[in-house]
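Please read this briefing alongside the sequence and the model.

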Amino acid sequence: MSDDGHEQSGHESSPSRRRTRFPGISSRAYEHPADRSALVALRKLSGFDTVFKALSGLLPERSLRLLFLSDSVRVSDEQFAHLNDMLRDACYILDLQKVPPMYVTQDPQPNAMCIGLDEPIIVVTTGLIELLDEEEMRAVVGHEVGHALSGHSVYRTILLFLTSLALRVAWIPLGNIAIMAVVTALREWFRKSELSADRAGLLVGQDLRASMRGLMKIAGGNHLHEMNVDAFLKQAEEYEAGGDLRDSVLKILNVLPRSHPFTTVRAAELKKWAQSRDYQRIMDGHYPRRSEDKDTSVTDSFRESASHYAGHVKSSKDPLMKLVTDLAGGAGDLGGRVRRGFDGFTGSAPPKERPADTPPREDD
């Protein structure tokens with residue numbers, strides 16, 4: 001038995017300390033509001049249902065499973081036993097009844113993913129295992145189990161095939177533009193789903209500093225003696241608040257092709273949630289149960305997402321978000337605000353404003 005009562009098999013490895021378990025927890029407990037709203041928007045995207053149905057029957061999932069079975073190492077009591085313990089403990093803590101198979105694949109790039117249409121498969125790379133310590137890795141395993149519990153693996157698999165096997169689905173009668181629209185929407189959703197899974201990883205590991213260290217290592221490598229978590233989080237503040245409207249636009253362009261949010265942003269979001277009342281209520285045993293999922297109101301989910309976005313825009317230090325807030329509040333002079341926001345973009349100096357009580361000159 002582990003310290004939390006979770007039975008181990010095959011060897012004596014057990015967690016280093018007792019962790020809180022969450023019987024019957026619904027994924028709604030940790031899902032980021034932006035994750036849910038992005039998924040709703042994705043499902044409403046014109047053509048998505050057609051692509052989804054076509055790919056569900058097209059994707060060679062059995063081939064995918066055979067590929068990992070034949071060319072990767074399956075985690076078990078005999079192979080990567082410490083990962084097997086982490087996986088089983090993560091499923092026990094989040095009360096995921098069926099433990100998904102996990103594979104280790106040779107790849108120096110640190111990465112992990114949860115894929116599969118019928119049943120989820122978790123894959124971690126050797127680069128990730130070599131980079132992270134035990135508690136950091138536990139958070140990653142919890143992150144992937146969170147994806148499995150939320151049912152993210154289906155959409156992740158479709159995104160994987162649409163981006164890496166685009167030529168094989170070119171025959172779908174939607175055209176390349178429509179397919180790219182689906183890919184873009186899938187990426188937007190998946191970036192938000194990573195924030196949800198980070199929360200699941202914290203619920204499993206229950207060690208915020210370990211989660212922070214893991215994200216910091218993914219950004220800067222295995223050089224903890226050269227890095228500082230607080231300084232790393234200050235980067236997120238600088239990224240959020242710095243620059244002008246030009247930088248706001250560049251941020252959007254930079255993130256569009258990415259499948260994951262920037263690591264500093266993930267770290268800041270996770271810390272904010274860990275300090276919230278919602279997280280404390282979950283740790284105290286007050287959370288939505290899966291048995292209540294069928295009675296969940298879609299309207300309530302929309303309202304929660306809308307409230308989150310409104311609060312995010314209102315509190316954001318980003319120049320573009322500030323402009324949106326000012327305009328929503330009735331502030332005028334849109335042209336002047338935009339010009340001032342882009343000062344320096346063309347190298348021209350902004351025009352001097354005349355005081356309101358100064359009469360115009362004849363040559364104006």
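**Sheet pairing**

Val 104 has Val 124 in β4 as its bridge partner. The model is a predicted one: local features need pLDDT of at least 70, side-chain atom pairs count only at pLDDT 80 or more, and totals for chains, interfaces and linings use all residues. Residues are numbered from 1 along each chain as its sequence is written, and side-chain values use heavy atoms, with hydrogens and water left out.

Helices (H or I, at least four residues) and strands (E, at least two) are DSSP runs, numbered from the N terminus. Two strands pair if DSSP finds at least two bridges between them.

**The sheet**

- An open sheet of mixed pairing is formed by four strands, in the order β1-β2-β4-β3.
- Its edge strands, each pairing on one side only, are β1 (73–74) and β3 (112–115).
- β2 and β4 are parallel partners, joined over four bridges.
- β3 pairs with β4 (residues 121–125) in the antiparallel sense, also over four bridges.
- Five residues lie between the strands of the β3 and β4 hairpin, where Gly 116 takes a positive phi near 125 degrees.

**Cover on the sheet**

- Five of the five residues of β4 are buried, where buried means under 20% relative accessible area, exposed over 50%, and partly exposed in between (1.4 Å probe, protein chains only).
- On one side of β4 the buried residues are Ile 121, Val 123 and Thr 125, and on the other they are Ile 122 and Val 124, so both faces are covered.
- Helix α6 (residues 134–150) lies across β2 (102–105), β3 and β4, and runs at about 20 degrees to β3.
- For that angle, axes are lines fitted to C-alpha atoms, for helices over the stretch in contact, and angles run from 0 to 180 degrees between N-to-C directions; contact means heavy atoms within 4.5 Å.

- α4 has 13 residues and should span 18 Å at 1.5 Å a residue, which agrees with the 18 Å between its end C-alpha atoms. The expected span of a helix is 1.5 Å times one less than its number of residues.
- Buried residues of α4 include Leu 83, Met 86, Leu 87, Cys 91 and Ile 93.
- Asp 95 lies in the loop between α4 (81–93) and β2.
- Asp 95 is not a glycine, yet its phi is positive, near 55 degrees. Most residues other than glycine have a negative phi.
- Asp 95 counts as buried, at 10% relative accessibility.

- Gln 206 lies in the loop between α8 (175–205) and α9 (208–220).
- Although it is not a glycine, Gln 206 has a positive phi of about 55 degrees.
- Gln 206 is buried, with a relative accessible area of 15%.

**Cysteines**

- How many disulfides does a search of the whole structure find? The search finds zero, a disulfide being a pair of cysteine sulfur atoms within 2.5 Å.
- Cys 91 is in no disulfide, and the nearest cysteine sulfur, that of Cys 114, is 9.8 Å away.
- Cys 91 counts as buried at 2% relative accessibility, and Cys 114 is buried with a relative accessible area of 3%.
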